[in-house]
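Dear colleague,

Please find the structure below, together with its sequence. My notes on what was found in it follow.

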Amino acid sequence: MDKQTEAILVRTGPGTTMGNLMRRYWVPVLLSSEIPEPDCAQVRVRILGERLLAFRDTLGRVAMIDEFCAHRGTTLFLGRNEEGGIRCSFHGWKYDTTGQCIELPSAPQIAAKMRIKAYPCIERGGIVWAYMGPAEKQPDPPELEWCLVPERHRFVSKRLQECNYLQALEGGIDTTHASWVHRYEMDTDPMHNRAGSIKYIKADGKAVFQIEEVPSGLTIFGRRNGEPDSYYWRITQWVFPWFTLIPPFGPHPLGAHIWVPIDDENCWAWSINFYPDKPLSDEERRDMEEGKGIHVKYVPGTFRPLANRDNDYLIDRTAQKEKRQFSGVAGFSMQDASLQEGMGPIQDHSREHLVPTDRAIVDARRMLLNAARDLEQGVEPVALKGALQRVRSATVLLDCSIDAVEWAKDALIDDLKQPVFTV
């Protein structure tokens with residue numbers, strides 16, 4: 001990859017080519033539970049290179065405004081969330097959910113002229129989403145399946161990942177790595193260990209890929225040997241621009257990720273488990289809260305994983321030698337994150353050597369790059385309609401004579417009216 005292409009793909013701050021593209025979508029910013037009640041403490045937010053402030057006002061409305069006061073530029077994080085707005089502690093200027101200054105004690109006659117940046121927000125799926133693009137281009141709200149199920153059917157977590165969003169996202173659409181870095185953890189993790197898929201993933205580490213561009217993004221078909229008369233298919237959905245739907249594991253909850261830039265060297269990795277048609281059990285929810293499956297344990301009081309680069313991800317060479325953990329790092333998410341962060345804050349793509357199993361990564365890069373460049377020419381991006389996000393991933397054994405791409409058109413892209421296909 002040449003440096004110009006790399007710069008377009010990895011830079012997402014205000015005014016950048018990729019940043020402008022990403023701002024055309026609803027951006028997942030924080031958990032609703034981080035601002036749990038009216039007039040609670042405001043929360044600093046850094047997203048797409050911007051420093052913002054999230055709060056819930058007296059009426060319970062969520063808001064995302066500039067972190068800094070229009071007067072002398074100090075942080076509103078030190079202000080007061082009260083009586084319908086955020087009041088700056090320095091000189092008492094007060095802003096509502098739209099960023100409008102509604103009180104300016106020293107010069108009330110100019111309050112109406114004072115405003116700070118603000119972005120519209122919605123709550124869906126336990127997440128506060130902000131729209132950071134042109135007001136007249138605001139898209140449909142998200143309609144991914146996990147957003148729409150009842151709260152008891154869903155568990156959502158987020159964690160800090162200390163690298164560029166692109167290398168994290170690419171890990172989410174790389175299905176072949178499951179045969180390696182996760183091969184031992186699958187046997188013991190309570191979110192995976194009852195899946196029939198495990199034997200096929202372990203037995204065949206040379207998946208053959210077929211990638212289809214669809215209205216929602218990419219459908220990634222990974223074919224492994226199954227039974228004598230069948231192939232085992234892991235089918236991943238990449239929903240443009242940052243959602244992935246994980247191929248399911250047997251009877252366990254379905255899984256999904258979101259990869260959202262904080263800045264160019266850090267991103268939020270969101271992890272979601274859910275059932276379309278029933279609540280999570282108390283045991284499943286407890287396992288997720290304890291950091292099992294695709295979730296993590298945290299440094300207390302933060303969203304930074306307890307296993308992180310400063311402590312070498314708590315690598316256990318004994319567990320590695322005894323074949324309990326392939327890399328010596330525990331947990332699905334941190335096994336992935338440790339390797340993705342190990343590429344550096346921003347991977348030097350000029351040093352990589354891609355092979356046929358990396359085709360999904362190549363196609364995703366191409367799609368992101370083309371969409372960003374096309375937007376500069378006035379061409380609208382893909383997947384702006386919420387209904388296009390209503391797709392599913394799958395694991396399935398299909399007779400060797402069946403065309404998996406044709407099968408998926410009915411089974412996985414049908415307004416979610418089909419059963420879940422899982423092995």
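Which residues form one aromatic cluster? They are Tyr 25, Trp 238 and Phe 240.

Before the remaining findings, a note on the basis. This is a predicted model, in which local features need pLDDT of at least 70 and side-chain atom pairs count only at pLDDT 80 or more, while totals for chains, interfaces and linings use all residues. Residues are numbered from 1 along each chain as its sequence is written, and side-chain values use heavy atoms, with hydrogens and water left out.

Aromatic pairs

Rings of Phe, Tyr and Trp (its six-membered ring) are paired if their centres lie within 6.5 Å; planes under 30 degrees apart count as stacked, over 60 as edge-to-face and the rest as tilted. By this rule there are 12 aromatic pairs. One of them is stacked: Trp 129 and Trp 146, at 6.3 Å centre to centre and with 20° between the planes. This pair links distant parts of the chain, 17 residues apart, since Trp 129 belongs to strand E11 (residues 127-131) and Trp 146 to helix H3 (residues 145-148). Helices (H or I, at least four residues) and strands (E, at least two) are DSSP runs, numbered from the N terminus.

Trp 129 is buried, at a relative accessible area of 0%, and Trp 146 is buried at 1%. Here buried means under 20% relative accessible area, exposed over 50%, and partly exposed in between (1.4 Å probe, protein chains only).

Trp 407 and Phe 421 form an edge-to-face pair, 4.9 Å centre to centre with 75° between the planes. Trp 407 lies in helix H10 and Phe 421 in the segment after H10, so the pair ties together parts that are 14 residues apart in sequence. Trp 407 counts as buried at 18% relative accessibility, whereas Phe 421, at 23%, counts as partly exposed.

Helix H10

In helix H10 (residues 404-411), the buried residues are Ala 404, Val 405, Trp 407, Ala 408 and Ala 411. They lie on the same side of H10, because they cover an arc of only 155° around the axis, taken from the directions from the helix axis to the C-beta atoms. Their cover, by contact (heavy atoms within 4.5 Å), includes strands E13 (208-214), E14 (217-225), E15 (230-239) and E19 (394-399).

Charges over rings

A charge sits over a ring if NZ of Lys or CZ of Arg is within 6 Å of the ring centre and within 35 degrees of the ring normal. The charged end of Arg 44 is placed over the ring of Phe 77, 3.8 Å from its centre. Lys 278 lies over the face of Tyr 275, 4.6 Å from the ring centre.

With kind regards
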